[in-house]
Amino acid sequence: MKKNNIKKGVLTVLAVTMLTFSCKDSFLEVLPTGSLGEAQLLSPSGLEGTLIGAYSMLNGKGFGRNAGPNNWMGDVLGGISNKGTDAGDYTAMNPIQRYEGDPTSGEFNAMWSSKFEGISRANAAIRLAKQSEQISEGTRTRIVAEARVLRGHFYFDLKRMFNSAPYFDETVVDADIPEIPNSPDILGSIEADFKFGMDNLSETSPDAGRVNKWAAAAYLGKAYVFDGKYAEAKAIFDQVIANGQTTNGKKYDLVPNFGQIFNAENDNHEEAVWAVQSSNNTGSVNNANWFDDLNYPYNTGMNGPGNCCGFNQPTFTLVNQFRTKDGLPLLDGSFNSGDNVVVNDYQVEASSAFTEDTGELDPRLDHTVGRRGIPYLDWQEHPGKAWIRDQTYAGPYSPKKFVYYKTQENTFTDGSSWTRGYATMNVPIIRFADVLLLAAEAEIQAGSMDNAMALINRVRTRAANSIINEYDGSGPAANYKITNYTSFDSKDDAMKALKFERLLELAQEGHRFSDLVRWGDAATFINGVYLPFDSQFLVTKLGGANFTTGKNEYVPIPQSQLDIQPALTQNPGY
Amino acid sequence: MKLKLYLRSLLFTFLAAAISSVGFAQGKSVSGTVSGADDDLGIPGASVVVKGTTKGVITDVDGNFTIQSAGTSDVLVFSFVGYSEQEVIVGNQSVINVALATDAASLDEIIVTGYSVTNRKESTAAVSIVKAKDLQAVPSGNIEQQLAGRVAGVTVITNGQPGTNSTIRVRGFGAFGGNQPLIIVDGVPTNTSNFLSPDDIETTTVLKDAAAASIYGARAANGVIVYTTKKGRKGKRALEVSYNGMFGFTDPNVNGAPEMLTPQEQADYTHIAYENNAAANGTPVQYTHPQYGPNQQATLPDYLHANGVNGVRGSVDMAAIQAAYDANPDNTFLIKPNLAGTNWYDEITRMASINRHNLGFSGGTENSRYYVGLNIQDQNGIIVNNSFKRYNVRVNSETDLGKRFRFGENMQFTYAAIQGQQGGSNGQGSADDESQLLQAYRMPTVIPVYDEFGSFASTKAAGFNNPRSPVRSLTNDVQNDQGYAFSGFGNVYLEVDPIKNLTLRTSLGGGISNNYYYGYNYKYLGDSEPQASNSFNEGAGFNVQWVLTNTASYKVNFGQNKLKVLLGQEALNDGRGRNIGGSGINPFTMDLDYVNLTLVQSPVVNSSLYSGVNFSSYFGKADYNLKDKYFVTALLRRDGASRFGANNRFGVFPAFSAGWRVSDEEFMKDLSFITDLKIRGGWGIMGNSNNVNPANQYSLYAQSPGRSLYPIAGQASGANAGYYKSRIGNPNAKWETSETSNIGFDATFASGRLEAVLDVWRKDTRDLLYQVPLAAVLGPNASAPSVNVGKMRNQGIDIQIINRGNLTSKIKYNLTVNGSFLQNEIVELAPGIPFFNGGGYRGINPVRNQPEQAISSFFGYKMIGYFNSQGEVDAHPAQQGAAIGRFKYEDVNGDGEITPDDRTFIGSPVPKFTGGLNFGIEFGNWDVNSYFNTFLGNDIWNQSKWFTDFHGTFEGAGKGVRAKESWTPALGNNALAPIWESAANISTSGAENSWYVEDGSYLRMQNLSVGYSLDNRLASKLGLSKARIAVSGNNLFTLTGYSGLDPGVGGDVDTNFGIDVGNFPVTRSFNVVLNLGF
């Protein structure tokens, strides 16, 4: 009896298990975890989130320092910054700052990849929005328009650094995308994306970080300038300057004090045409200014920001360019000679005495560059060599624009990773001063020099109001002297002034190299001005370096992409 | 009265006679002695059982036994662990003395293949067995390491961390990933053996070819390692208790660490670099190092660092510095140079102890058997604060429930804790990590371990770049860290014999584990890149896997034909679970009783879940045997797996094999020196799907804090959810299929004195799965799908030769040689994929996988010397960065310039030959065993040279002695490194080239032990059935030309291994081993 029961039991178990596992196909259907299927994203919130995902790539997160929105490499190549720190740190940048970057360098691949991640996300947002039957036409148009501006932006970044890229929109299926060859001729498509944004986006939105009609317009104007379409650019800029407002409804204007442009507490101000938003407490420092975490003075301890690592140091030549004579920059190029050279503490111990420069200087210098004896935001006076890792390698200066204030620590910084230095001020993509100067350039090229001068002077007037005072209130920290232009003798003079003004206003914001290249000035400036002066001091870094015309205007298409994408062609000279 | 007494006596006699005559009719008393054929000594505790019954006794301390009631036709079975079983027909004998032969690889040797059991005589497959005692020889935390050199055809690459996982490859590298063999423990599949205690293992069988392994179908292609654990034996017997202990220590081998420049040499060579820089750039020399003075002759300062001032010569204001220290001790340092030089390797290593103890209880009754094992392993690593602890209990039992039913279980419960382990995949990935070992080379010798205040000294002293004091981080940041897991693993089963020779078995097995970890990192401001915050992290996870197996096995003999049939069904889930982890910084205090995730600033918490892969399978196997001379085996398995899309979900895996015992043929009878010879051959198909993400078939989007959030509203805190494409799906992926063929023979000569096993094999894998890197234009954040891209061929020869015999009547020896030749080649990749690369290290990309090359081959410029003069630079094809003293590359394509197209294949980490040699001698009570293993014909990419052999890589950090043989005009092409300078470009430190490639061949004496066993008689007087004590030395020497710390360089990804960045060395250890039986 008992045995019989056992036997029955066994047979039943066998039968049940056989049936259970042989008959159910669903046993072999195991759904993925922690992810979403495309269909789930066709809902209104899914589409918004997909668009947010595209915005998220504006700061290049996850792709290395050269993918950051500050376009660090553009300033390094433009003679604005050098890598900084010392010779052995982040050596991948050493050949790049000597104009010896090789196609196999991972830095180019990271930059390239980050832009295409952004493009891919923008295209996904457009494709899904067009597919969805769950949203209104108005919402659809808005999502498509925002995403197209984002796509235009990522392509614009590719254009200015690589020159040549494969252009495709959301209609191209994955299988065909790698077959598309790269071409330098993509500004037309970029302009079309910005134009669509300008024509279809509203002026304001409750979300200050969204791109609006006027940001799209300003970017369109910028693209026209890069495209040499000055008349079209001027027409656009006229509207932007007259009627433009930020997404949060502030009429475009310059922030009264230059330094306040880069203060997290002042984010989304009237000058922020379009800025990369930055915040803390998000679960990842990637949503703060992760790309700047090493771009602080070195070895500051708790008396300075970040406490690491001394990257992105301004060059000697950059600093000298802030020298003024009678309040105007040295357009004759004499800033690197004789007494014009700004006195610095190169090779001077922090404990040794040092007499600061007493000559005339544009006040924007001390908002842009940290140098000995000048108040470093609200931290302390820059102590010179004590905050520099290796002066003989990278000079005596520290970056300053995107540095957070002492009072902002842990409120406007993200303290959840290994350095203290995850700042959360927004990084401008286009700010109004940039618009004014681009408009001035368009005026010079296509219109009136007087209009151009007025625009340039508007920028200089604000600069003049941006004096840095000593902590003790005893007066200005240096001999600041800046005045407006009164006339331009020629178109050439006007362009000289315009070019100089862009440098002074936008230094360390990533614009310089592409400006030099589009003006055709890269070789002259780099080989004729920057390298001869800076390499006297920074022998290891720059000794024997040389910019090769016809090659170094653009960085190489990454070899690792050429390897797997035969449709691509390498840039000339590589 | 008398009559009465008489009658009683008569009755008694009658009854006695009657009883005894009944007794005689059924059997009689048999006695005798069981001894060892090798030593003629009695074997206590040997089992004597009447065959086919549960009737049995065990021998006494002298090996004597008496068994009652044996019938003349009965067969007595004599057995004892370590000896071959022997059967004797009782007949008319009343005294039976038996000498048991030691259990050399006998033809009856059991081969456990998972679902079934066979023996060497009948096996037609390529299988290898590892003896239980061999698993115990070397004190590792994971028994898989013991397979090194023990099994022909198995490649083991391991590192020196206790408890680490190793790279185990059975017959080559069949795929671009997931090449780890399937592990079966008591019938339950798992992916690791690191929970097993070597003393609990009864058998280890490696199934190498399809003929054996195809029964595991879709998971068999990388070979199968089958472990069974001890079970006890049925039969009335006394409890057997054994104790195995091991105590010892491991020597970090400080003298073997790479030599670094002394403080003065480092200073001198820094100045030489400045001179070389100036010469290269055509500028005047500037001696600008913050420590070494402005003059040509470098000098060391009196203080490297004195509260913010570097390179101080003369005295410092002690009072001021003391005051600064009192005010701010965290950030005030006073560092004197260590003129004698700090040996950082010495500082981070230690003599490391090991303790292993096992208590085994085994026994049985007439209808049950059991084994209980209690195990402790407590092992320290040679690196400070690196340790491995494992405590486990194993309980195995089986009980007869009546005649036809058996119920059994095998269960192990384990606590395992690992502290301070480095490298991914449970330590397996440490070789190519920038580990604390690498930090030890990167710290300049001039920096002392402690400053004048007793704080840790480090690169706060300027000019030494960014290494962090490894002593500080290993001490502060590891000492309070813990990672541990509780797990249970095993199965329960029920067997029933409904009719004769038919056994039905159902088994439910699985494992559950729970892990927890927490870690503390402490603020330290003394590094050049300081750790500015205190931080804390903790997390947990669980995993559950299960398998249900039902089999029916039937065997039938008709005449000289024997047939065994096995049918089975199996369903399993390979592991589902969840993980959660969080971190945060700067709690009010780092007091261990205080900190938790609630109390940290900016806590970040992440969690994940996974469902595992479901398999549903059916399988069958038939073994046919004619006259014990001709053998044929066929097997078939059909697997379905949730890993693949519906259209490719199922795979069918057949195998056939045959064997012919030639030695039984008439024509062989004359060749008396051939004791046994069997020729075998097999063919079959096996699958592999390890290398596929379970979600591979789906295109997915995801949300990630680090990848897709954005504060769209301009908020200063927090961000909005965003989604990004996280995976591009491939519904058409299917199994990797390995087609294997194997021909071999098993031969025994001269009555067992010489044995040889030889297998020639080939394994062709097609439909190789790989995540082919997608062009960035498709969106690099989306994981590329695994697609079936290519073909790989592995082929080789496995040889095992055993020679044993007596040198004199007292001295016995045995010699075992294992060897395998391996050739690995990627045959084909999909159209449009000419090759793919492995990972990069500081801008160096050493690995390319390409057809006609071995997997993970090294790729780069071929360095053909140095530029010895400007003339050579000018004459050479244009090479970026070319200058005197730098690398000169070959213009491989002859186009007159050196471009990336000139990179070529410059080495392979795949060994051409791996092998082992085991030599043992016994004389009297003494035994000596030695064991060697070897790797031949493999290359190592010595990436650590990138850090130590260029002045310009992390300039100022610690540099190696090869600086002294860096290029000079005098050394020319004999230089060991390029000219000592700062430049970084493809002609110096900026490119992958053959200078990094070194021959990785080695021969290691892995074990030498000398043991002494007490005489059985003496032991028994002490109440022991067995007593042996041994001393052993492990890794006593390694012969190699490799210049790094250790040539055993693994890696956790097969497409990227053999790269030494900071590999943990396998170093010498010494142990005392004690084996006792009670």
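Biologist: How many aromatic pairs does a search of the whole structure find?

Modeller: In this predicted model, the search finds 79 aromatic pairs over all chains.

Biologist: What makes B:Phe195 and B:Phe489 an aromatic pair, and why is the pair called tilted?

Modeller: Their ring centres lie 4.9 Å apart, and the limit for a pair is 6.5 Å. The planes stand at 50°; stacked requires under 30 degrees and edge-to-face over 60, so the pair counts as tilted. B:Phe195 belongs to the loop between β14 (188-190) and β15 (201-207) of chain B, whereas B:Phe489 lies in strand β25 (residues 482-496) of chain B, 294 residues apart. Both B:Phe195 and B:Phe489 are buried.

Biologist: Why is the pair of B:Phe947 and B:Phe954 called stacked?

Modeller: The centres are 6.2 Å apart and the planes meet at 10°, so this pair is stacked. Both B:Phe947 and B:Phe954 are buried.

Biologist: How do you know that the charged end of B:Arg442 sits over the ring of B:Phe954?

Modeller: The charged end of B:Arg442 is 4.1 Å from the ring centre of B:Phe954, and the distance limit is 6 Å; the charge must also lie within 35 degrees of the ring normal. B:Arg442 is therefore described as sitting over the ring of B:Phe954.

Biologist: What makes β3 (56-58) and β6 (86-89) of chain B edge strands?

Modeller: The open sheet of four strands has the order β3-β2-β5-β6 (chain B), with antiparallel pairing. Strands β3 and β6 each have a single partner strand, so one side of each lacks a neighbour in the sheet.

Biologist: How do you know that β2 (residues 47-50) and β5 (residues 75-79) of chain B pair?

Modeller: Four bridges join β2 to β5, and pairing requires at least two, so these strands pair.

Terms used
Residues numbered from 1 in each chain as written. Chains lettered and ligands numbered in written order. Predicted model: local features only at pLDDT ≥ 70, side-chain atom pairs only at ≥ 80, totals over all residues. Heavy atoms only, no water. Phe/Tyr/Trp six-rings, centres within 6.5 Å; stacked < 30°, edge-to-face > 60°. Buried < 20%, exposed > 50% of the residue type's maximum accessible area, 1.4 Å probe, protein only.
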